[in-house]
Amino acid sequence: MSDTRATATENDAEKKAANLSTDGSYRRIVVKIGSSTLTDDAGSINRDFIRALGDQVNTIRQTLGSQVLIVTSGAIAAGLEALGYGGVRPTDMPSLQAAAAVGQLRLSQVYSEEFAAWQMKLGQVLLTRFDTENRSSYLHARDTMERLLELGVVPLINENDTVAVDEIRFGDNDTLAAHVAVLVKADLVILLSDIDGLYSADPRRHEDAVLIDSIGALTKEIVQAAGAAGTVRGSGGMVTKLEAARICMAAGIQMVICEGERPNVVLDVARGESLGTRFAAESNHSYSARKLWMALSGQVLGSLYVDSGAEQALREKGRSLLPVGISKVEGEFAAGAAVDIRAQDGMIIGRGLTNYDSATLTESAGRSFSQLTGSTDLPEASSAAQVAIHRDQLVIFY
């Protein structure tokens with residue numbers, strides 16, 4: 001795709017996205033359903049759930065005027081059932097990909113059959129991280145989804161597990177849902193889970209744990225409360241949901257975690273009812289669609305720890321990250337890699353694309369411009385002294 005076409009299509013999408021509903025309803029909603037919600041204890045697809053979801057989606061479209069996209073898990077679970085694995089999940093990649101190939105067909109068929117009761121058409125979209133990292137593929141995926149929505153079709157989205165390997169996997173559909181929301185400029189993401197939101201501690205272990213109904217910033221306490229929970233039938237947990245929240249909040253998109261089995265939960269959240277845990281950024285950061293793509297679409301390959309002065313400059317003044325503000329480099333990566341930016345206590349405060357590889361940044365970390373320009377042991381010392389991550393390739397999370 002030429003730069004001219006890319007710019008034109010991006011501008012068109014920006015104009016469409018600006019047409020928010022004037023009655024306060026959400027213009028565009030992404031609903032993510034996890035495997036633990038979509039399947040029963042035996043791992044079978046729950047048709048009753050999908051039928052109830054179709055009823056809610058139809059009502060949202062007809063009464064609220066909102067467009068709905070569905071990010072669904074369950075392909076591997078459905079395939080394992082069809083192939084007779086008896087609830088025992090294999091560990092080798094070929095078996096999982098074969099199960100996904102069988103299950104994806106079964107899953108989309110069930111959705112289509114159940115949604116047909118309301119004459120709703122579904123269009124299947126399978127993505128890998130390659131499709132979001134590559135700018136041309138990213139724009140084509142966005143254009144496809146925009147056209148499906150214009151035609152009144154409900155996009156049914158899943159990771160393409162039949163071909164995805166670690167290097168191009170999102171890893172979980174919570175993260176995929178967040179990327180889809182950024183891609184189509186959604187107003188709301190609803191993550192349906194087997195728990196009714198984020199608690200102050202793991203409610204299965206702490207009786208005094210309380211539900212957190214609203215979060216404006218991902219503090220250290222919030223991240224610690226997430227723990228590392230997951231289920232046998234799903235690949236995610238609360239940690240992956242916080243990563244999705246981090247992406248959504250950076251893009252100015254609200255996100256709600258709520259219990260998927262609650263009757264009419266999607267409809268109620270779409271109507272604005274206070275359910276589960278709602279994430280809505282308190283910060284005033286505003287980023288263009290291109291900047292969000294640049295900073296967030298790539299697989300994170302390392303971390304840069306920054307001192308308090310650099311943290312303040314990034315968060316409050318919108319500055320670029322300079323080598324002098326870096327205290328530690330983690331991971332091995334090439335120039336142009338996506339990395340997390342962390343405060344001294346390890347909290348992720350941003351994400352961006354590095355101008356230099358990990359070795360160069362390790363050598364230049366903590367060194368001033370004058371020290372670097374006078375150095376004889378650092379390759380490209382003069383240029384590396386300028387900017388480690390430019391502010392145009394950087395997103396601050398809170």
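In what sense do strand 2 and strand 4 pair? Select residues 67–72 and 154–159 and have a look: strand 2 and strand 4 run in the parallel sense, paired over 2 bridges. Strands here are DSSP E runs of at least two residues, helices are H or I runs of at least four, and both are numbered from the N terminus. Two strands pair if DSSP finds at least two bridges between them. Now click valine 71; its bridge partner in strand 4 is isoleucine 157.

A quick note before moving on. You're looking at a predicted model, where local features need pLDDT of at least 70 and side-chain atom pairs count only at pLDDT 80 or more, while totals for chains, interfaces and linings use all residues. Residues are numbered from 1 along each chain as its sequence is written, and side-chain values use heavy atoms, with hydrogens and water left out.

Zoom out to see 8 strands forming an open sheet with mixed pairing, in the order 3-4-2-1-5-7-8-6. Strand 3 (122–127) and strand 6 (214–215) are at the edges with a single partner strand each, so one side of each has no neighbour in the sheet. Colour by secondary structure and the protein chain shows 16 helices and 13 strands.

**Helix 3 meets helix 5**

Next, select arginine 47 and glutamate 114. Their side chains meet in a salt bridge (2.7 Å, N to O); that term means a side-chain nitrogen of Lys or Arg within 4 Å of a carboxyl oxygen of Asp or Glu. Arginine 47 sits in helix 3 (residues 47–64) and glutamate 114 in helix 5, so the pair ties together parts 67 residues apart in sequence. Glutamate 114 is buried at 8% relative accessible area, whereas arginine 47 is partly exposed at 34%.

**Two more pairs**

Jump to helix 10 (residues 238–250), where glutamate 243 and arginine 246 lie 3 residues apart, about one turn of the helix. Their side chains form a salt bridge (2.9 Å, N to O). Glutamate 243 is buried at 16%, and arginine 246 is buried at 8%.

Last stop: arginine 262 and aspartate 268, a salt bridge with the closest N and O atoms 2.8 Å apart. Which of these is buried or partly exposed? Arginine 262 is partly exposed at 32%, and aspartate 268 is buried at 11%.

Methods. Buried means under 20% relative accessible area, exposed over 50%, partly exposed in between (1.4 Å probe, protein chains only).
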